[in-house]
Amino acid sequence: MNVRVNGALLRFTDYRREIHVAAPTVGAALDRLADEYQPLRPVLFDRLGRLRATHKIFLNGEQLEAEQLGTPAGDADSVDLLLAISGG
Amino acid sequence: MARWDVYEIPVDTGLFTPLGLQPSAVCRLGFNAAGSWLKEHAISHRTLIAGHHTGFVVWSAQLNFDKPVCYLDADSLELRVTGRVRGAGTQFECEVAIGEATRMWACCVPLRLDGDPALSGTAARMGADVLAAFLPDEVDPRPHLSPVPQLCAEVESDGRVLAQGRTQFVVHRHQCEVADQWFWPEAVSLVSCGREELARSHVGLRSGIATPLRRIDLLYNRPFFLFDEGAVVSTAYSWRERLVFVHNLQGIEGGRPRAIAVEQFDR
């Protein structure tokens, strides 16, 4: 699937905005993305490995709740990873 | 009694236009003054973020220019600044006077930071550790309500539309703060671009570039981030003997504007 990363997260993905990730579910794709871009892992996940509540995930434009990250997704799907606000 | 700080800064030519103080410079000076007040009297902004997991994000602001202040008027500007908590810890408000005739006022929303390197956070009431840094006179239980929705409604219902325009932009890093999201004074700069483009092409709007700004009200709904694309959608009105520009800062996703600004000029 194609994962689109937004502005405040770009510095953690070497400024790549669209990244193709091969994974069976949205949650697995985020995990692989964090493997590929190590600085992204503490940004996306807390110490217990849970997705931080400050991120919003959209699958083909539809927002997913945390318990829906197991949703299957394929090559043609798009995932948007959005950070709502930062506290700088 | 609320605590005020008073200090002077030297002027430089970059703070001014030929018409007076740059509005975006007033925002930057004012925000810096508020940071200085927090450090002196409460908790520094850096320590708030690093030690108290609390960020302040500007949500609403207003600049008033009662009389133009020009570069050749003086060697220095006097800044007076104070801060207060409002809405039972849901807002931090700062008030800054620059000289006798320029005032900036901004209301920030506290964020509870999640502790990650992106400084991500969610809106939350200030903790007791932060509230304890303010004097009783610096805590007002009443929340601030933005005047922007009412102002827009009045201008749109009673004003006469003079012109409309759209100016596209991309947010680059020099426009951002430490978290790679736009620094709030950039909204003032971007709407200036929208207004000036409109005024360049409509003779009747020349006071929008030939006279100094009298007042600007800003409401921030959602930030723009690094490399986000957007547009300033500007509408000029004749309203109550004033030339007024209502600017919606739209992301390419459409929908609710990420920010709204209302600029007022004498005609």
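## Helix 1 of chain B and residue B:L29

In this predicted model, B:L29 is found in helix 1 of chain B. B:L29 counts as buried because 22 C-beta neighbours lie inside 10 Å, and the threshold for a buried residue is 20 or more. Leaving aside neighbours within four places in sequence, the contacts of B:L29 are B:L79 and B:I98. B:V170 stands 141 residues from B:L29 along the chain, and the C-alpha atoms of these two residues are separated by 24 Å.

## Packing of helix 1 against helix 5 in chain B

Helix 1 and helix 5 of chain B pack with their axes 8 Å apart, at an angle of about 180°. This angle makes helix 1 of chain B roughly antiparallel to helix 5 of chain B, since angles over 145 degrees are classed in that way.

On the side of helix 1 of chain B, the residues that meet helix 5 are B:P23, B:S24, B:C27 and B:R28. Their counterparts in helix 5 of chain B are B:P185, B:V188 and B:S189. By class, the residues of this contact comprise 4 nonpolar, 2 polar and 1 charged.

B:E177 lies in the loop between strand 10 (160–170) and helix 5 (185–201) of chain B. With 18 C-beta neighbours inside 10 Å, B:E177 counts as partly exposed.

## The two domains of chain B

Chain B is divided into domain 1, covering 4–140, and domain 2, covering 148–266. The C-alpha centres of these two domains of chain B lie 22 Å apart. Domain 1 of chain B gives 17 residues to the contact, and domain 2 of chain B gives 15 residues.

On the side of domain 1 of chain B that touches domain 2, the elements giving two or more residues are helix 1 (23–41) and strand 4 (54–65) of chain B. Strand 4 of chain B supplies the largest share of that side, 8 residues.

## Contact between chains A and B

The contact between the chains takes 16 residues from chain A and 23 residues from chain B. The side of chain A that touches chain B has 8 nonpolar, 6 polar and 2 charged residues.

## The buried side of helix 1 in chain A

In chain A, helix 1 spans residues 26–36, and A:V26, A:A29, A:L30 and A:L33 in this helix are buried. These residues cover an arc of only 100° around the axis, which puts them on the same side of helix 1 of chain A. An α-helix has 3.6 residues a turn, so residues three or four places apart point the same way.

The buried residues of helix 1 of chain A pack against several elements of chain A, including strand 1 (2–5), helix 2 (41–44), strand 3 (55–59) and strand 5 (78–83).

## Loop residues with positive phi

Most residues other than glycine have a negative phi. A:Y15 has a positive phi, near 65°. This residue lies in the loop between strand 1 and strand 2 of chain A. A:Y15 is exposed, with 10 other C-beta atoms within 10 Å.

In chain B, B:A88 has a positive phi near 55°. B:A88 lies in the loop between strand 5 (76–86) and strand 6 (91–98) of chain B. With 14 C-beta neighbours inside 10 Å, B:A88 counts as partly exposed.

Conventions. Residues numbered from 1 in each chain as written. Chains lettered and ligands numbered in written order. Predicted model: local features only at pLDDT ≥ 70, side-chain atom pairs only at ≥ 80, totals over all residues. Helix = DSSP H or I, 4+ residues; strand = E, 2+ residues; numbered from the N terminus. Buried ≥ 20, exposed ≤ 12 C-beta atoms within 10 Å, placed from the backbone. Domains from an automatic or database assignment. Contact = placed C-beta atoms within 7 Å. Nonpolar A, V, L, I, M, F, W, Y, C, P; charged D, E, K, R; others polar. Arc of directions from axis to C-beta. Axes fitted to C-alpha atoms, helices over the stretch in contact; angles between N-to-C directions. Parallel < 35°, antiparallel > 145°, perpendicular 65-115°, else oblique.
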